[in-house]
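This report examines one protein model for a reader who is new to structural description. Please keep the sequence and the three-dimensional view at hand while reading.

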Amino acid sequence: MHVYSSNQKIIAERIDPETLKSNWKDWKWQTGHSIRDMSTFERLLGIEFPDERRKELEETIALFPLCITPYYLSLIEAGDYDNDPVFMQAFPSVSELIVEDYDMPDPLAEDTDSPVPCITHRYPDRVLFLVSNVCAMYCRHCTRKRKVGDIDSIPDASDIRKAIAYIAAHPQIRDVLLSGGDPLMLPDEYLDWILSELSAIEHVEVIRIGTRVPVVLPYRITDELVDVLRRHHPLYINTHFNHPREITASSKEALKKLADAGIPLGNQTVLLAGVNDCPRIMKSLVHKLVRNRVRPYYLYQCDLSEGLAHFRTPVGKGIEIIESLIGHTSGFAVPTYVIDAPGGAGKIPVMPNYLISWSTNKVVLRNYEGVISTYREPDCYRNVFCDRKCEQCTLQLKLDDADESESVGIAKLLSDYDETILLVPQDNERMDRRDDD
Ligand SMILES: *Cc1c(COP(=O)(O)O)cnc(C)c1O
């Protein structure tokens with residue numbers, strides 16, 4: 001028996017008195033009754049905005065549309081809505097119209113690093129595959145805000161086919177990350193088709209799905225959908241809980257179904273000012289996640305997408321949060337804090353410093369309590385010169401052809417066999433001067 005919250009009863013009653021009995025847990029009913037305009041929002045929540053504010057909000061919605069499921073709306077505490085973490089993620093703010101001069105429409109250069117529509121190929125062995133531009137709820141902090149409600153960016157089946165052909169033609173791709181939009185908003189059969197096509201590619205070893213459905217529309221996790229998903233192992237799911245209040249009886253049930261189907265679950269949280277920029281909230285969130293078999297994966301610094309300035313915190317806030325977790329709680333409950341760096345530089349982890357100093361045979365470390373300790377390094381360590389002739393090495397590595405045969409980036413600077421000692425940015429004036437001489 002599902003016990004409905006008092007908010008759910010009130011909202012269901014206002015939509016239609018029969019709702020709770022028949023429809024509330026039907027995900028299609030939920031999306032069919034999504035709240036997309038101000039007056040419905042006010043009526044269902046029993047609040048009324050002053051005229052001036054309503055006018056400003058209408059302008060915001062015209063640029064960045066509003067869409068909230070009745071379920072997610074029911075998590076808002078109407079009495080103090082302005083400070084409510086669910087309200088702030090789902091409901092527009094006029095601050096979204098403020099564009100700072102350092103904001104960018106596509107800060108992660110996803111469109112620039114896109115060899116074919118729907119694919120961003122940034123890292124050597126994995127791709128981001130945008131399979132849908134439909135979401136159950138429009139997050140106000142969406143990094144792909146530029147695409148929300150944009151009919152031109154709906155991928156059609158021929159785009160999807162071309163993207164799959166690209167993956168098939170590139171044997172180095174061993175990991176495909178489906179995102180969007182929300183991949184779980186696609187019809188079961190269509191998703192099944194995409195997953196089957198990808199699974200059939202020999203070099204694709206794992207598939208991942210990024211979805212916010214367990215948070216904003218948990219009823220979408222039906223037994224039928226889970227039956228589709230479990231046929232395509234190894235399949236990982238990353239979901240997107242930002243606040244402990246989002247973990248409810250309904251979302252727990254959805255997570256249980258996914259975990260019981262053998263799907264490893266991770267979570268990506270975005271650090272948001274006024275929503276979760278607090279060490280105690282984050283600790284409560286990660287604890288609730290692991291209790292529901294979800295492993296915190298990433299904590300993201302809020303991107304530089306246009307209209308998100310009011311959500312951003314200094315990087316120091318994220319470091320403070322990680323400082324409050326490492327050592328204080330289970331290691332597997334601590335996410336990696338990352339900045340998805342502008343210009344397509346990708347996710348860069350940032351951490352408090354634990355290595356305080358070192359000498360030729362000792363490192364000095366500090367722990368989470370502030371205790372300073374030393375680790376004595378070996379006096380003789382015979383480093384094996386690495387010429388990357390792995391077949392002759394005593395370490396017995398058997399390599400596939402698709403593996404990177406040469407190191408790149410900083411790893412290249414560290415390698416023995418490569419003589420590179422500098423990585424020089426393009427258009428370096430000093431280097432250009434050398435060339436001119
Ligand atoms: C995040 C991301 C990935 C996956 O990165 P992981 O660190 O492996 O989770 C892949 N491609 C793009 C473009 C991404 O933004």
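## Basis of the report

The model is predicted; local features need pLDDT of at least 70, side-chain atom pairs count only at pLDDT 80 or more, and totals for chains, interfaces and linings use all residues. Residues are numbered from 1 along each chain as its sequence is written, and side-chain values use heavy atoms, with hydrogens and water left out.

Helices (H or I, at least four residues) and strands (E, at least two) are DSSP runs, numbered from the N terminus. A residue is called buried under 20% relative accessible area, exposed over 50%, and partly exposed in between (1.4 Å probe, protein chains only).

## Salt bridges

A salt bridge is a side-chain nitrogen of Lys or Arg within 4 Å of a carboxyl oxygen of Asp or Glu. By this rule, the count for the model is 24 salt bridges.

One of them joins the side chains of Glu205 and Arg174, at 3.1 Å from N to O. Glu205 belongs to the loop between helix H9 (188–199) and strand E4 (206–210), and Arg174 to the loop between helix H8 (157–168) and strand E3 (175–179), so this pair ties together parts that are 31 residues apart in sequence. Glu205 counts as partly exposed because its relative accessibility is 48%; Arg174 is also partly exposed, at 28%. Together with Asp125 and Arg126, Arg174 and Glu205 are linked in a network of salt bridges.

Another salt bridge is formed by the side chains of Asp175 and Arg208, at 2.8 Å from N to O. Asp175 is in strand E3 and Arg208 in strand E4, so the pair connects parts that are 33 residues apart in sequence. Are these two residues, Asp175 and Arg208, buried or exposed? Both Asp175 and Arg208 are buried.

Asp260 forms a salt bridge with Arg293, in which the closest N and O atoms are 2.9 Å apart. Asp260 is in helix H12 (residues 249–260), whereas Arg293 is in the loop between helix H13 (279–291) and strand E7 (294–300), so the pair ties together parts that are 33 residues apart in sequence. Asp260 is partly exposed, with a relative accessible area of 45%, and Arg293 is partly exposed at 44%.

## Surface patches

Patches are made of residues with over 30% relative accessible area and no salt bridge; like charges are joined within 9 Å, and nonpolar side chains (Val, Leu, Ile, Met, Phe, Trp, Tyr) within 5 Å. Lys and Arg count as positive and Asp and Glu as negative, while His and the chain ends are not counted. The place of a charge is taken as NZ of Lys, CZ of Arg, CG of Asp or CD of Glu. Accessible areas come from the Shrake-Rupley method with a 1.4 Å probe, and for residues only the protein chains shown count as cover.

A patch of negative charge on the surface gathers Asp427, Glu429, Asp432, Asp435 and Asp436. Asp435 is part of helix H16 (residues 429–436) and counts as exposed because its relative accessibility is 63%.

A nonpolar patch on the surface is formed by Leu355, Trp358, Leu365 and Tyr375, with about 440 Å² of accessible area together. Leu355 is in strand E10 (residues 355–358), and its relative accessibility of 42% makes it partly exposed.

## Two residues and their contacts

Contact means heavy atoms within 4.5 Å. Gln8 is in helix H1 (residues 6–15) and counts as buried because its relative accessibility is 6%. Leaving aside neighbours within four places in sequence, Gln8 is in contact with His2, Leu20, Trp24, Tyr71, Ser74 and Tyr219.

Met88 is in helix H7 (residues 85–90) and is partly exposed, at 22% relative accessibility. With neighbours within four places in sequence again left aside, the contacts of Met88 include Arg140, Ala273 and Phe311.

## Backbone geometry

The peptide bond from Gly180 to Gly181 is cis, with omega near 15°; Gly181 is in the loop between E3 and H9. A cis peptide bond also joins His233 and Pro234, with omega about -5°.

Arg293 has a phi near 65°, a positive value in a residue other than glycine. Asp427, which is not a glycine, has a positive phi of about 60°. Asp427 is in the loop between helix H15 (410–414) and H16 and is exposed, with a relative accessible area of 69%.
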